[in-house]
Amino acid sequence: MAASPAAGTGGSRREQILTVAAQLFAKHGFHGVSIADLGAAVGVSGPALYRHFPGKEALLAEMLVGISEHLLAGGQARACASDDPREVLAALVEFQADFALREPELIVVQDRDLANLPAEARRRVRRLQRTYVEIWVDTLQRVHPGLTAESARIAAHGAFGLLNSTPHIAPGPLGAGRSEGRPHAAAALLSRMALAALMDLPG
């Protein structure tokens, strides 16, 4: 996602709205942010936001569907990049950890506000998420040929929980007062822990 307008970087107004909305939703919750709040944060009137999104639910839907599409595309790219399942697994762990480090607000919003999506968008997100998980399942079963699909899914979700804990360590709105280097060190440590656990699963 693009940087917020306050950062002075480029990007379309739509991308800026999505970025700022993710920050506000992560901090205050979906129901704690109004259209007027969003408008004020991006420097436009609340009603002007309706030129870009028909409402908060549509904004949230684009945000969470976009996250899921990004993760799936990244997972597919890494699965196709090597014939060695161990290399693929290491790349998947690095990709997920990097996403959690770079987009902590999106991780928080995805975990907390999925239920606020319209039904069709929620089903789409779930389908994308399941397909992403199956990339991990397939990779884990190739690393550990005796591993059942159920056990591989449990292991994958456990790794997600570990890697996605990065937002709770990040500086800024979600972890004010902590050093800038700490999230990177924490992400690297969590990545090593996740990969070591996944490589050592009983077959």
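UniProt positions are given here in the numbering of this model, feature names are shortened, and annotations may be inferred rather than shown by experiment.

I am working with a predicted model, where local features need pLDDT of at least 70, side-chain atom pairs count only at pLDDT 80 or more, and totals for chains, interfaces and linings use all residues. Residues are numbered from 1 along each chain as its sequence is written, and side-chain values use heavy atoms, with hydrogens and water left out.

I looked up the record. An unreviewed UniProt entry lists residues 34-53 as "DNA-binding region". I then checked the secondary structure there. Residues 34-53 are 40% helix and 0% strand. Helices (H or I, at least four residues) and strands (E, at least two) are DSSP runs, numbered from the N terminus. The end C-alpha atoms of this stretch lie 13 Å apart.

**Helix 1.** I took residues 13-28 next. Helix 1 has 16 residues and reaches 22 Å from first to last C-alpha. That is close to the expected 22 Å, the expected span being 1.5 Å times one less than the number of residues. I listed its buried residues (under 20% relative accessible area; exposed is over 50%, partly exposed in between; 1.4 Å probe, protein chains only). Among them are Ile17, Leu18, Val20, Leu24 and Phe25. Which helices are included in what covers the buried residues of helix 1? I found helix 2 (35-42), helix 3 (56-80) and helix 5 (104-113) among the cover. After helix 1 comes Gly29, with a positive phi near 85°.

**Leu106.** I followed helix 5 to Leu106. Leu106 counts as buried because its relative accessibility is 4%. Ala21 is one of the buried residues of helix 1.

**Helix 7.** I moved on to residues 149-163. Helix 7 has 15 residues and reaches 21 Å, close to the 21 Å expected. Ala152, Ala155, Ala156, Ala159, Phe160 and Leu163 are buried. Why are they on the same side of helix 7? They cover an arc of only 140° around the axis, so they sit on the same side. The arc is taken from the directions from the helix axis to the C-beta atoms. Glu150 and Ile154, on the other side of helix 7, are exposed.

**Asp200.** Last, I checked the segment after helix 8 (181-199), where Asp200 is found. Is Asp200 buried or exposed? Asp200 is exposed because its relative accessible area is 64%. Its C-alpha is 9.7 Å from that of Val143, 57 residues away along the chain.

Technical notes
Contact means heavy atoms within 4.5 Å.
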